Every structure is written in structure tokens, then in C-alpha cells.
Protein chains: 2
Amino acid sequence: MDERTALGLLGDRLSAAGDDAAVVDGQVVTTDMLHDRTDFPDGTTRYTAGWRAVGASLSDVAAMGADATAAVAVYAAPAFDESELADFVDGASEVCAAVGAEYVGGDLDHHDEFTVATTALGDTDDPVPRSGAQVGDAVCVTGTLGRSGAALRLFERGDPADVERANALFRFEPRVAAGRALAGRATAMMDSSDGLARSLHQLAEASGCGFAVESPLPVDPVVDEVADDADDRLELGAFFGEDFELVCTVPEEALSAVRADLSVEFTRIGTAVEREGRSASENRVTLDGESLPDRGYTH
Amino acid sequence: MDERTALGLLGDRLSAAGDDAAVVDGQVVTTDMLHDRTDFPDGTTRYTAGWRAVGASLSDVAAMGADATAAVAVYAAPAFDESELADFVDGASEVCAAVGAEYVGGDLDHHDEFTVATTALGDTDDPVPRSGAQVGDAVCVTGTLGRSGAALRLFERGDPADVERANALFRFEPRVAAGRALAGRATAMMDSSDGLARSLHQLAEASGCGFAVESPLPVDPVVDEVADDADDRLELGAFFGEDFELVCTVPEEALSAVRADLSVEFTRIGTAVEREGRSASENRVTLDGESLPDRGYTH
């Protein structure tokens with residue numbers, strides 16, 4: 001059973017399990033696990049790890065359009081080094097501070113592999129679903145795409161300056177403020193942690209429509225530095241994922257008001273369209289008229 | 001740096017980090033990680049694992065005297081088996097239901113070692129600290145001690161009937177109702193996950209007093225079945241830990257009202273005493289006049 005099937009099974013069994021997060025009486029809670037082998041390339045500092053791990057859960061709160069209030073983490077490692085642990089806590093605390101939340105601690109555990117489990121909390125009276133996109137809505141994304149994929153290339157190069165840049169790219173700002181501004185206006189929303197392509201497919205499928213996306217996509221300039229060619233650029237920008245931007249649909253008439261309230265880049269990349277002729281997943285989302293495959297990062 | 005030192009460092013850096021759980025605006029949040037090698041002996045079913053892992057976090061909510069509202073978990077394993085995952089979710093859901101909380105899901109992750117990270121939420125206007133014990137207060141414990149240590153012996157025996165009993169012993173009921181009844185009355189409280197002895201030392205140290213404890217301790221009858229001798233019985237009952245009972249101090253005059261509201265066994269095991277002559281940790285807690293060492297289960 002792969003992870004998507006297993007997650008579907010969980011969703012069927014648990015009534016309160018939400019989209020990116022569960023909501024209980026207006027309280028949003030979401031939890032995540034990151035570990036060395038798959039999430040923290042060689043060269044990732046503990047400061048970056050703390051920032052990124054807690055940020056991933058804050059991003060899930062943002063994706064619900066909720067206000068982030070607090071986060072906790074379990075830090076599990078083969079041994080506890082005082083400066084590493086302090087760096088981790090600093091990173092975790094600062095990503096919380098960046099979105100107006102508080103890092104309130106957690107627990108320690110011994111584990112053969114460096115593993116971090118994070119939980120973030122938030123409040124919302126009006127969570128944004130994945131399923132509300134209407135034909136004609138603008139399909140939009142915050143910020144730029146491909147930073148995490150580019151960071152991985154820089155980590156691989158291993159040069160100290162590259163590794164430092166890679167760490168900086170890994171410390172994304174969770175889009176909590178943008179999510180708040182979009183709440184009540186966006187008709188469907190999730191974060192792009194699985195990649196833009198997969199996020200678009202999930203929103204379109206949940207909403208029962210298709211998306212016609214047009215280039216140029218807001219691919220980050222750093223991707224042009226590391227990509228081998230145009231295909232590789234698209235791979236990093238649309239499929240690699242882990243960028244933690246918000247992908248959403250907004251009615252045309254609300255777009256200008258949304259833009260006025262946002263302090264981050266916000267790009268319209270397409271339009272929600274009738275599903276007719278798009279029922280097969282390969283036709284659900286198109287980029288410049290060609291099928292955009294439903295594949296991406298599987299955590 | 002050992003885990004206690006590291007936890008102390010975390011506590012110093014984070015103002016909202018509480019005793020067993022953090023409290024933010026009346027919202028209690030606590031998180032924990034359990035994994036195969038250290039927490040789930042051979043023979044532990046996934047149902048028991050789900051129950052126990054989520055129960056451990058619910059016990060931390062109980063230790064604050066808070067009402068438990070919800071829990072989430074990350075289930076990380078080398079592969080996802082549908083029936084194992086369903087059993088885990090059933091166990092997690094049922095331990096929540098047993099204390100009036102809701103299991104609202106979580107996330108999945110691939111990990112070489114079966115690892116579970118749990119987070120529980122609760123509400124309280126009046127969290128019970130570890131530091132409020134007063135000289136003369138009764139020192140008390142809920143339920144019986146030594147069940148988890150005894151379960152480990154039964155798991156080791158490996159006989160199917162023993163393993164089934166061990167699983168049942170591992171599925172403890174978090175003392176949320178008792179914690180609620182003790183809130184506002186207990187002067188200091190924590191759970192016994194690190195063992196009775198270490199819990200007593202932590203409460204006494206935080207409160208600046210000593211504890212004079214007298215036998216008999218409420219050691220579970222199953223311990224007598226598996227213990228080699230009296231020393232081993234004390235080892236399992238007072239030091240092994242992982243029993244998730246509440247250890248607390250209650251003013252003499254409140255004892256009868258507390259008992260009237262509790263539906264679990266509640267044993268007075270001693271009295272809070274002046275710290276004079278007990279400043280060294282070896283004298284802080286005594287059992288029948290002899291030093292009770294500050295050692296126990298280190299997670």
C-alpha cells in the first residue's frame with residue numbers, strides 16, 4: 001500500500017481529519033515527521049532543520065487559512081549535543097516568531113536517525129477547503145517555485161558558499177499571513193509541499209473541475225542557476241515540491257482585493273475550467289494546453 | 001549531554017514550556033515519540049501501539065489537571081500494511097474515546113524503524129504545577145504500579161497467552177478524569193512515566209520539600225507473578241516506570257473530597273516533609289526511612 005492509499009484509508013476512518021490539517025471546534029492541529037535520510041541533506045544545519053521542520057507544520061496551518069498560534073517538536077537523535085539542540089530550538093522559535101506563533105517546546109528522544117516530529121496549532125472559524133474551486137476562478141500561487149529543488153542541487157555541490165545558500169533557501173517563510181488574507185476569499189487552497197503539479201491535481205479532483213494553466217510559471221531565479229535545461233527547470237519548478245507556497249483558486253472579482261491585502265508575490269497561473277473531456281487524470285490539469293502529469297514528491 | 005540535562009536546557013530557553021505539557025492561553029499541548037526498539041517489545045500489536053502511544057500524550061494532559069480534547073499521530077514505518085494501520089488507528093481512537101477526547105488523524109512517513117509521534121491537546125484554566133507541594137500534604141498515587149514492567153517480562157516469555165496479557169497491560173487508561181478531579185485540589189502533580197521514584201524526586205525538588213513515603217506501595221498483583229524477589233518487586237513497582245499513573249500531593253483537609261470524586265484507586269503513600277537535612281538528592285525522598293534513589297526509566 002503506498003502512502004496516498006494509506007492516507008485515503010485514514011481519511012475514511014476519521015471524520016475530523018481535514019485536508020492539510022484537522023479542525024476540532026475551530027482549533028486547527030497538524031503534525032508531520034521529517035528525518036535525516038529524506039528531508040535533511042548533508043550540510044543542513046540544525047538551525048535550518050528546526051526552522052524547516054516547524055515551518056512545514058505552520059504551512060499546513062496556513063493552507064487552512066488559519067491563524068497560527070503555537071508549535072511543538074520532538075527532537076530525536078542518536079546523541080544530544082548542546083549547541084546543535086540550541087540551534088534547533090532557535091530555528092524553531094524564529095520560524096514561529098516570523099508568523100506570529102510561539103514555539104512552546106516539546107520532547108527529546110534517542111533515535112538512530114535524526115528525526116523531527118512537529119505539530120502546529122492554529123485558530124479558524126472558516127477553514128478553506130480543497131474542494132470549493134468553481135469554473136472561471138483564477139488559479140494562483142504565492143511566492144516562487146523551485147527553491148527547495150534548487151537548494152538540493154546546491155547542497156549536492158558541497159561548496160561552503162553553496163551550502164550556506166542552500167540552507168537559506170531551505171528556511172522558507174510559512175504563508176500564514178497570506179493564508180489569512182485568502183480565508184473567506186479563496187474557494188480552494190492547499191500548500192505546494194507535494195509540488196505544484198500534484199497540488200493542482202488534488203485541488204481540481206476535490207473540486208470536480210479542471211485547471212488550464214499557462215506559462216510562465218513563477219519559477220524562482222535560483223532555479224535558472226542550477227537547472228540543466230528547460231525540462232529540468234520545469235521539473236524543479238513544478239514537480240519537485242517542498243516549496244510550501246499556497247496554491248489556491250480565487251473568484252475573478254475578488255482578485256484585486258486579495259492582492260491589495262497580500263505582501264507576498266501572488267501570481268495568477270491559470271483558470272478553473274469545466275471537467276468535460278478531462279475526467280481522466282492526465283487531462284485534469286494542462287500547462288499551455290498539454291497534459292501536466294499528476295506526479296510529484298511523495299513523502 | 002544526557003536527556004535530563006538537554007530537557008533542562010530546553011526549559012530554560014522556552015518560557016511557555018511547562019511541566020508535562022506546554023500551556024498557551026489555556027490550551028495544553030504535549031508531544032512525544034515512541035519507537036520499536038525502546039518502546040514496543042516484540043509481540044506488541046499495532047492496536048496496542050496506537051493505544052499506548054496516544055495514551056502517553058493524553059497522560060501528560062492529565063498530569064496538568066486538564067481536560068483532553070484531541071490527539072494526532074504520525075505513523076512512520078518501513079512499509080504500510082492496511083490492517084496494521086487500521087489496527088493502529090483503532091487503538092488510537094479508542095484510547096481517545098476512553099477519556100472523552102477525539103483522535104483526529106495525523107500523517108504517515110516512511111522510516112526504517114517503526115516510530116510514532118503523538119500530540120495531545122487539552123484545555124485548562126488552572127494547570128496543576130509540579131512545584132506547589134507544601135509540608136504536611138499527603139503524597140498520593142492513582143491506580144497500581146509496575147504493570148508496564150510486568151508486561152515487559154510477559155512479552156519476554158513469548159508464550160501467546162503471556163503476550164496477550166502483556167498487550168492488555170500495555171493499554172493503560174490515561175488518568176484524565178482523575179486529573180480533572182484533582183485540579184484545584186492537588187498542590188503538585190505529574191505522571192509516573194519515569195517511574196514512581198523519579199517522579200517523587202522531581203515533585204519534591206520542584207516544590208523545595210522532601211517526601212517521607214511508607215510501604216506498602218500499591219504495587220499491582222501482576223508484579224508478584226513475575227518478580228524474582230522483593231528487590232525485583234520494588235524495582236518493577238517503584239523504578240521501572242511507564243505506568244502513567246498520577247503522582248500528586250494533596251492537603252490533608254482536601255483528601256476526603258478528592259476521594260469522593262475519584263473512580264480510580266487512590267493511595268496515600270506518604271507525607272511532604274521539611275527539606276532540612278534532605279538537601280542532598282539521596283535524602284530528598286525516603287521509603288520507610290531509607291533513601292529512595294533518584295533513578296528510573298530514562299526515555
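Predicted model: local features only at pLDDT ≥ 70, side-chain atom pairs only at ≥ 80, totals over all residues.
Residues are numbered from 1 along each chain as its sequence is written, while chains are lettered from A and ligands numbered from 1 in the order in which they are written. Local features need pLDDT of at least 70, side-chain atom pairs count only at pLDDT 80 or more, and totals for chains, interfaces and linings use all residues, with side-chain values based on heavy atoms and with hydrogens and water left out.

An unreviewed UniProt entry lists Asp32(A) and Asp60(A) under "binding site"; UniProt positions follow the numbering used here, feature names are shortened, and annotations may be inferred rather than shown by experiment. The two span 29 residues in sequence, yet no two of their C-alpha atoms are more than 9.5 Å apart, so they gather at one spot. Asp32(A) sits in strand β2 (residues 27-35) of chain A, and Asp60(A) in helix α3 (residues 46-63) of that chain. Helices (H or I, at least four residues) and strands (E, at least two) are DSSP runs, numbered from the N terminus.

Both aspartates are buried, Asp32(A) at 13% relative accessibility and Asp60(A) at 9%. Here buried means under 20% relative accessible area, exposed over 50%, and partly exposed in between (1.4 Å probe, protein chains only). Leaving aside neighbours within four places in sequence, Asp32(A) is in contact (heavy atoms within 4.5 Å) with residues including Ala56(A), Ser57(A), Asp60(A) and Thr118(A), and also with Val74(B) and Asp107(B) of chain B. With residues up to four places away again not counted, Asp60(A) touches Asp20(A), Ala21(A), Thr30(A), Asp32(A) and Asp191(A).

Like Asp32(A), Thr30(A) belongs to strand β2 of chain A, and Thr30(A) is buried, with a relative accessible area of 4%. Its side chain makes a polar contact of 3.3 Å with the side chain of Asp60(A). A polar contact is a pair of N or O atoms within 3.5 Å; within protein, one must be able to donate a hydrogen and the other to accept it, and residues adjacent in sequence count only if both atoms are side-chain atoms. Among the other residues that Thr30(A) touches are Asp20(A), Ala21(A), Ser57(A) and Thr118(A).

Most residues other than glycine have a negative phi, and most peptide bonds are trans. A cis peptide bond joins Ser215(A) and Pro216(A), with omega about 0°, and another joins Ser215(B) and Pro216(B), with omega about 5°. Pro216(A) lies in the loop between β8 (210-213) and α9 (221-226) of chain A. Asp25(A), in the loop between β1 (22-24) and β2, is exposed at 81%. Phe244(A), in the loop between α10 (230-239) and β9 (246-250), is buried at 4%.

Turning to chain B, helix α10 (residues 230-239) has Asp232(B), Leu236(B), Gly237(B), Ala238(B) and Phe239(B) as its buried residues. These pack against α5 (147-157), α8 (196-207) and α9 of chain B. At the N-terminal end, Asp229(B) caps α10(B), with a side-chain oxygen 3.2 Å from the backbone nitrogen of Asp231(B). The helix is followed by Gly241(B), whose phi is positive, near 80°.
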